[in-house]
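Q: Please take me through this structure one feature at a time, giving the general idea first and then the case at hand.

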Amino acid sequence: MESLGQRLHPLTPFVKGWGYFVVAAVALVNNEGLRQNLTFAGIGLGAVLVGGILLGALSWWFTKWQLTGDAIRVDSGFLFRRTRIIRFDRIQAIDVAQPFVARLFGMAELRMDVAGGGKNDGKLSYFRYEQAQELRTTLLVRAKGEQAAEQQAAEQQTEAVAPPLLTVPTGRLLGATLLSSTVVGSAGGLIWLIVATTVLNFHVGLVAGVPLLLGVVQPIWKQVVGNHGFTLSESSHGLRTKRGLFDVQRQTIPPGRVQGLLITEPLIWRLLGWSRVELDIAGVAGQKEDGDDEHEGAQLLPVGERTEVAYVLARVLPGFDLSSIELHPAPARAKWLRPIGWRYLAYGVDGQVMVTTRGWVSRRTSIVLHHKTQSVRLEQGPIQRRFGLANVHVDTPLGPTDAVALHQDQVEAAALVKAQADRARAARRTVSAPVAVQTQPKPPSPDGSNSSAASPADESSDR
């Protein structure tokens, strides 16, 4: 054991907890009763500050990290003890990040992409910036060897001067966010509420507009601020993204670990030729942390034109051309189940992937690699049986990709299940896959539907 029980930076409690103090201060200021009694308000704010400092100090005191022969161990918690053991051979990438407040104090945190772990499982904060860099180098040597550590250090030095493959303008980010269905709907509802309350004298109350206001502000903050300066570059370890105004985030997309992609095209975006591309990365995407969407994956392109989408798809999947795949639409009788959106239900297959499309208001195109398919299943409800239709699900690990061929002819659907299972087995035998990681398949379908499944992931059946 080379390092026993080292603590993090002493200012860690403040950097992590300053936001709670600000929220408490705003709540006290906005309370009319407390504004009339400033002494009581000051005592309450001081109590919040002292209590936060004490709790943060306790958490910092009981949090220690140490390096062992094959892992980094982190012990935390003063009421409920938690131990994280991150093995070196499970670390895929390591970045040093400086959130806005930490940057003011010269502090940084380590962000490790750990196979099979969530977004927060590989975080360790905070250190002095120089100490974080030294620890990153040490972990890289342990995980990948000295040559890999030196190579990544050289890449970091050239990253600032090397031209990126693609950059997303901030103006496009703002325009795409303002034209998203969430912001448009929330803004429309907020305007109606203001007019109804102030002009038409409807006693609805402006308090009801808080959720609508959040529906406008939150997407703008998340997309414009979170994706500010989005760049896509290339390194020896795969594609690399960089984004963020206050909290700069970097992520490496290792070749061979992409399991699926999702292209999203909201209605207004389609008129402008814009799309968003997300992807599943083995052991990284699809982990729910800190209020994130349960199926949120890694962003490959927050918003891009059709030519840019085709470019990044070809970079992730060499030789792939989405426009060349022939799509098989759902039969016309599917309109009895989806009167408007049935025209957008289709699937297609080539030698590398299976593609499914659905959605009218927000079109979703899911792309699943054959050799990453975990299972294929057919589902058919009672109404679908009446019309001779069925759904075909291609299961992948948790993430944004959700490949479902909806309301296909039941005979064609049964043939598709068998054919896709065969394609997946053949692809897994011929494609050289990276080191296996632990993944969690999508949850099973709701009870009450008939289903049959073929599992290409079980290689023992081929032997």
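Q: Which residues does Gln-408 touch, not counting residues up to four places away in sequence?

A: A contact here means heavy atoms within 4.5 Å, and by that rule Gln-408 touches His-328, Pro-329, Ala-330, Pro-331, Leu-345, Ala-346, Tyr-347, Gly-388, Leu-389, Ala-390 and Ala-413. This is a predicted model, in which local features need pLDDT of at least 70 and side-chain atom pairs count only at pLDDT 80 or more, while totals for chains, interfaces and linings use all residues. Residues are numbered from 1 along each chain as its sequence is written, and side-chain values use heavy atoms, with hydrogens and water left out.

Q: Where is Gln-408 found, and is it buried or exposed?

A: Gln-408 is found in strand 20 (residues 403-409), where helices (H or I, at least four residues) and strands (E, at least two) are DSSP runs numbered from the N terminus. Gln-408 has a relative accessible area of 1% and is therefore buried, since buried means under 20%, exposed over 50% and partly exposed in between, with a 1.4 Å probe and protein chains only. In the loop between strand 19 (389-395) and strand 20 one finds Pro-397, which is also buried, with a relative accessible area of 4%. The C-alpha atom of Pro-397 is separated by 7.9 Å from that of Gln-259, although the two residues are 138 apart along the chain.

Q: How many salt bridges does the rule give, and which parts does the pair of Arg-315 and Glu-234 tie together?

A: Side chains of opposite charge can pair when their charged atoms come close. With a salt bridge taken as a side-chain nitrogen of Lys or Arg within 4 Å of a carboxyl oxygen of Asp or Glu, the count comes to 15. Arg-315 forms one of them with Glu-234, the closest N and O atoms being 2.6 Å apart. Arg-315 lies in helix 11 (residues 306-316) and Glu-234 in strand 8 (residues 231-235), so the pair ties together parts that are 81 residues apart in sequence. Arg-315 is partly exposed at 29%, whereas Glu-234, at 53%, counts as exposed.

Q: At what angle do the axes of helix 8 and helix 9 cross?

A: Axes are lines fitted to C-alpha atoms, for helices over the stretch in contact, with angles from 0 to 180 degrees between N-to-C directions. The axes of helix 8 (residues 181-198) and helix 9 (residues 210-225) come within 8 Å and cross at roughly 145°. Residues of helix 8 including Val-183, Ala-187 and Leu-190 meet residues of helix 9, among them Leu-212, Val-216 and Pro-219.

Q: Which residues make the nonpolar surface patch of about 940 Å²?

A: Patches are made of residues with over 30% relative accessible area and no salt bridge, where like charges are joined within 9 Å and nonpolar side chains (Val, Leu, Ile, Met, Phe, Trp, Tyr) within 5 Å. This one is made by Leu-174, Leu-178, Leu-179, Val-184, Leu-267, Ile-268, Leu-271, Leu-272, Ile-340, Trp-360 and Val-361. Helix 7 (170-178) and helix 10 (267-272) are the elements that give two or more residues to it, and the largest share, four residues, comes from helix 10. Leu-267, which lies in helix 10, counts as partly exposed at 36% relative accessibility.

Methods. Areas by Shrake-Rupley, 256 points an atom, 1.4 Å probe, with all protein chains shown as cover.
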